[in-house]
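Subject: Structure for your review

Dear colleague,

Please find the structure below, followed by an account of what was found in it.

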Amino acid sequence: MSKQRPDGIREYHEPAGGWGALKALAVALKDQQLVVNGVPTLLKQNQPDGFDCPGCAWPDPKHTSAFEFCENGAKAVTWESTAKRVGPDFFANHTVSDLWEKSDYWLENQGRLTHPLRYNAASDKFEVVSWQDAFDDIAQRLNALDDPNQAEFYTSGRASNESAFLYQLFARQFGTNNFPDCSNMCHEPTSVGLPRSIGIGKGTVSLEDFDKAELIISIGHNPGTNHPRMMTPLREASRRGARIIAINPLRERALEKFEAPQAPIEMATASSTPIASDYFQVKVGGDAAALKGICKALIEMDRAARQADTAPILDHTFIAGHTAGFEAFVADLDATDWSSIERSSGLTKFDLERIASAYAASEATILAYGMGLTQHVTGTRNVQLAANLLLLKGNIGKPGAGICPVRGHSNVQGDRTVGITERPSAAFLDRLRDVFGFEPPREFGHSVVESIAAMRDGKSKAVICLGGNLAMAASDPQACFKGFRQLDLAVHLATKLNRTHLLANKTSYILPVLGRTDNDIQFSGRQSVTVEDSMSMVHASRGFLNPPSEQVRSEPWIIAGIAKATLGAKSVVDWDALAGNYDLIRNGIEAVFPEFEAYNDRIRKPGGFQLPNSAAMRIWNTPTGKANFSVFAGVEEDALTSDPTVLRLSSLRAHDQYNTTIYGLDDRYRGVFGRRDVLFLSTKVMDRLGFAEGDLVDVATALEHARADRVIQRLTVVEYNLPDGSCASYYPEIQPLVALEHRDPDCLTPSYKSIPVKITRASDAITADRAIARDGVVGLPALNLYPKQ
Ligand SMILES: Nc1nc2c(c(=O)[nH]1)N[C@H]1C(S)=C(S)[C@@H](COP(=O)(O)OP(=O)(O)OC[C@H]3O[C@@H](n4cnc5c(=O)[nH]c(N)nc54)[C@H](O)[C@@H]3O)O[C@H]1N2
Ligand SMILES: Nc1nc2c(c(=O)[nH]1)N[C@H]1C(S)=C(S)[C@@H](COP(=O)(O)OP(=O)(O)OC[C@H]3O[C@@H](n4cnc5c(=O)[nH]c(N)nc54)[C@H](O)[C@@H]3O)O[C@H]1N2
Ligand SMILES: [Mo]
């Protein structure tokens, strides 16, 4: 007899993709009232003359003649092109206090914003304001700050190159480098770690390399949910016999088997393709140890080969000619004992040797990774160790090989390329000065956690958010909520309403923007924007739907309006001209960044163009002029690793969400339906700690940052196949457990994926200042846990 499982929890045996994906899309179209119009919209997605899918940063195949079906890309598009609206009536009928009680899902699901809005504290409502009044008031308040560094300019990675470039141009003329950016919470370990290792903070592979790779190592990413179009090259690689090794604490369905919804035979015969040939369930937070173990095994195999006079395992010619630091790296591996590697990684020496053997046998290896590798205290170090592994066999800058950080937001990489960075190089600032004729600030600015700390401590007084949902996405909502509420000014450029907007303060504005799918007409005519994908391809994107209302404006237009009002006579830029013709913005980008040469011509060709990648050409822009092996002594994250009552909690994306946007409460591939209030635990851990499936538990941080409100009450235990010492739950609900200080010291990315926690049986006393699960969701707000003061 099968045992009784908690409500909504059941085994899911289907492959990823398949009919389940098509069915889910039909539901999404219906929910967003797009049954008739939705399909033509989807057919324009990722086509040469269409719009770039806002879903992820995976590149488009060269010949985009066939429509690449992607369930989650389709959900992202239907969610944006919804027929629902939140207009003036909606805001007249709801106070902010009322809205605060609604779930995050409810807020966004009300539809697209239609008018510029200003918060009125007396009525506790957002009220319609004219664009010019908004610009003048924002300008006046920005200019009233004692210091430009009291303002924060946040960017979420959907912003186009044109919006992002204009935004940084404005903020730098205003006088600050405070550019907290979603990338600080995402691939910052890549942006900081890879330049140290290989001289560029980007991936080195192109899609064609996936056709030639003999081995693909996938670490800590879940493509079936978060980059479904990556399943096409993975499926093709598997079908032509390439090996795919997955290193992930969870056995993600799409990495096991996948049924391509556009492959008629697979669909008709329900015959899926196996993806990973080998699956290694590393402990949460155990990647540094695992990577060191694989490298150590390789070094040992290479020594044995030399003794036996057989062919060497490592590429010694590459190591001698192209790298620095090899001896020190080997010395550190020799000094690291296998027992600590096994304990920290949760994998055996035998497992790690198997991975090393597969790697040794491959002439061309790609290593792809996502948030499972980056969002740790050791994130930067993890990325550099991944680079070390590739360098051992010369797997950078050769066909079919390379490093592939799988980016998140569709233009997060492009935003960085065109100047969204809190730590700009002197060379970039010099060019900005020379091209535009003003002296940009040189002092480094704030990243996300620094900006939240400055807001919390009353040091920063104004925030502009170019998209996103910063207070929910960042760690430490306790600090975020307090910080936002004490600001003098908050300005949100957004498509949809979300919780960060409701943290209204003295002066708050919500300014409605055009999305990727909307037609953008300025005085010079219909505009395109451009984006850069995970593989440095830059291409144009053009929407075609009627905007939600004639009061909805493009991001460049709004940024230009604020800039013109704020900078007034001081401005060195003709903002109206730039906002009226994006070709002129691109000319500005090209003047500052020479790699965008002939920008306007090249984006008019289908498919766009690729930015040069030095490491892919084996040019190493590092201080040593070589690719660097990096040494990290030890393998353990912290002393808590040896405490058997402490588990490492990882926060995951469910299949029905886009970051803080929750489309629904199912996580189909993991067998969770209609709820998100779960804590995944292995049978072994349950037995050891004395819990059973279905138990209600409280989860608290085990770090020194622990305090009364860093607890989540009443999660339901769900049995899940996980390595010992690990547990998992959902992002963003677990956010209250992550202190601002719990982050990678090298790049300040919050450690969202290895939070040391202790679990106790749920206490009956429900405490008002804690996050509590009820009715299937973890309610910060629904239960008024963070009440408006
Ligand atoms: N549909 C959809 N698409 C998206 C997004 C979305 O939310 N929804 N978000 C976009 C964004 S901004 C990003 S950054 C990407 C994120 O895409 P991913 O990087 O795939 O993101 P996550 O779901 O956070 O987690 C990744 C994987 O890491 C594994 N993992 C957890 N802890 C560890 C660990 O300690 N070690 C290892 N090796 N693995 C671990 C998890 O089991 C999971 O499979 O997706 C982008 N695309
Ligand atoms: N615990 C935990 N926390 C995490 C993560 C995790 O894995 N675990 N992942 C982190 C990662 S990788 C990321 S990238 C961040 C995401 O952080 P953000 O980028 O700040 O968050 P999103 O949820 O993507 O933002 C959604 C909002 O963007 C707005 N929006 C959508 N499209 C547009 C547009 O075209 N223009 C404008 N102006 N606005 C738009 C809508 O109003 C919507 O409500 O979260 C991070 N936080
Ligand atoms: Mo991300």
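The largest nonpolar core has 65 residues, and those with the most contacts inside it are Phe 91, Met 185, Phe 484, Leu 497, Leu 679 and Leu 681. (A nonpolar core is a set of buried Ala, Val, Leu, Ile, Met, Phe, Trp, Tyr and Cys residues joined through side-chain atoms within 4.5 Å; buried means under 20% relative accessible area, exposed over 50% and partly exposed in between, with a 1.4 Å probe and protein chains only.) Helix α24 (residues 448-456) supplies the largest share of this core, 5 residues. The core lies between domain 2 (87-181 + 418-606) and domain 4 (644-770), because both give residues to it; the domain bounds come from an automatic or database domain assignment. Another core, of 58 residues, lies apart from it and includes Leu 142, Ala 164, Val 513 and Val 538.

This is a predicted model, in which local features need pLDDT of at least 70 and side-chain atom pairs count only at pLDDT 80 or more, while totals for chains, interfaces and linings use all residues. Residues are numbered from 1 along each chain as its sequence is written, chains are lettered from A and ligands numbered from 1 in the order in which they are written, and side-chain values use heavy atoms, with hydrogens and water left out.

Leaving aside neighbours within four places in sequence, Phe 91 is in contact (heavy atoms within 4.5 Å) with Val 86, Leu 99, Leu 113, Leu 117, Lys 125, Phe 126 and Leu 497.

Helices (H or I, at least four residues) and strands (E, at least two) are DSSP runs, numbered from the N terminus. In α24, 7 of the 9 residues are buried, among them Val 448, Ile 452 and Met 455. The buried residues of α24 pack against β6 (151-155), β15 (462-466), α25 (470-473) and α26 (477-485).

Helices α7 (residues 131-143) and α28 (residues 555-567) pack at an angle of about 50°, their axes 8 Å apart. The two are therefore oblique to each other (under 35 degrees counts as roughly parallel, over 145 as roughly antiparallel, 65 to 115 as roughly perpendicular, and the rest as oblique). Axes are lines fitted to C-alpha atoms, for helices over the stretch in contact, and angles run from 0 to 180 degrees between N-to-C directions.

Thr 421 lies in the loop between α22 (412-417) and α23 (426-436), and is buried, with a relative accessible area of 16%.

Yours sincerely
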